[in-house]
Amino acid sequence: MTVHRPGSALAEASDIADVFAMLAQHWRSETGHLSIVQQKVMNRSYLEIIGLGPPALPLLLCELRDRPAHWFLALSSIARENPVRSGATFDEAVADWLVWGRDRGLID
């Protein structure tokens with residue numbers, strides 16, 4: 001697995017998308033059976049997605065829209081904010097992040 005390094009060829013958008021897709025697939029396959037969110041977000045692939053930084057935000061938002069999963073920690077870690085209302089359900093948290101992303105032009 002390739003690790004992202006700032007300033008490397010992985011900084012190209014298409015490369016980021018490829019790396020993100022690979023890491024997201026690894027994360028889903030490695031954590032799909034887990035029920036504890038903390039175990040899911042401590043997975044190496046998840047942490048490497050956070051390491052991709054701001055270029056991963058549109059990719060994370062599209063993934064959240066298309067395959068809702070616990071991407072909230074990754075999103076808030078990269079965005080450095082959390083638009084999710086207090087006491088939100090999972091579905092409400094998804095909706096809040098998608099509104100946030102649309103408002104910033106990160107997704108359609």
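The structure shown is a predicted model. A pair of aromatic rings is described by the distance of the centres and the angle of the planes. Under the pairing criterion, which requires ring centres within 6.5 Å, there are six aromatic pairs. In one of them, the ring centres of Trp27 and Trp71 are 4.3 Å apart and the planes meet at 45°, so this pair is tilted. Trp27 belongs to helix 1 (residues 13–31), whereas Trp71 sits in the loop between helix 4 and helix 5, so the pair ties together parts that are 44 residues apart in sequence. Both Trp27 and Trp71 are buried.

Trp71 also pairs with Tyr46: the centres of these two rings are 5.4 Å apart and their planes lie at 5°, so the arrangement is stacked. This pair again links distant parts of the chain, since Tyr46 is in helix 3 and Trp71 in the loop between helix 4 and helix 5, 25 residues apart. Tyr46 is buried, with a relative accessible area of 0%, and for Trp71 the relative accessible area is 0%. Together with Phe20, the residues Trp27, Tyr46 and Trp71 form one aromatic cluster.

The surroundings of Trp71 lead on to the nonpolar core. Leaving aside neighbours within four places in sequence, Trp71 is in contact with Ala24, Trp27, Tyr46, Ile49, Leu60, Glu63 and Leu64. The largest nonpolar core holds 28 residues, of which Ile49, Leu52, Leu60, Leu64, Trp71, Leu75 and Trp97 touch the most other members. Two or more residues of this core come from each of helix 1, helix 3, helix 4, helix 5 and helix 6. Helix 1 gives the most, with six residues.

The buried positions are Phe72, Ala74, Leu75, Ser76, Ile78 and Ala79. Their cover includes helix 3 (44–51), helix 4 (57–66) and helix 6 (90–103). Ile78 illustrates the setting: this residue of helix 5 has a relative accessible area of 11%, and is therefore buried under the 20% cut-off. Beyond its neighbours within four places in sequence, Ile78 is in contact with Ile49, Ile50, Gly53, Pro54, Ala56, Leu57 and Leu60. The C-alpha atoms of Ile78 and Pro54 are separated by 5.9 Å, although the two residues are 24 residues apart along the chain. Just after helix 5, Arg80 adopts a positive phi of about 60°.

Backbone oxygens are found around the Lys40 side chain instead: that of Thr31 is reached at 3.5 Å, and that of Leu34 lies 3.3 Å from a polar atom of the side chain. Apart from neighbours within four places in sequence, Lys40 is in contact with Trp27, Thr31, Gly32, Leu34 and Tyr46. Two of these contacts, Trp27 and Tyr46, are members of the aromatic cluster described above.

Key. Residues numbered from 1 in each chain as written. Predicted model: local features only at pLDDT ≥ 70, side-chain atom pairs only at ≥ 80, totals over all residues. Heavy atoms only, no water. Polar contact = N/O pair within 3.5 Å; in protein donor to acceptor, adjacent residues only side chain to side chain. Contact = heavy atoms within 4.5 Å. Buried < 20%, exposed > 50% of the residue type's maximum accessible area, 1.4 Å probe, protein only. Helix = DSSP H or I, 4+ residues; strand = E, 2+ residues; numbered from the N terminus. Phe/Tyr/Trp six-rings, centres within 6.5 Å; stacked < 30°, edge-to-face > 60°. Core = buried A, V, L, I, M, F, W, Y, C linked by side-chain atoms within 4.5 Å.
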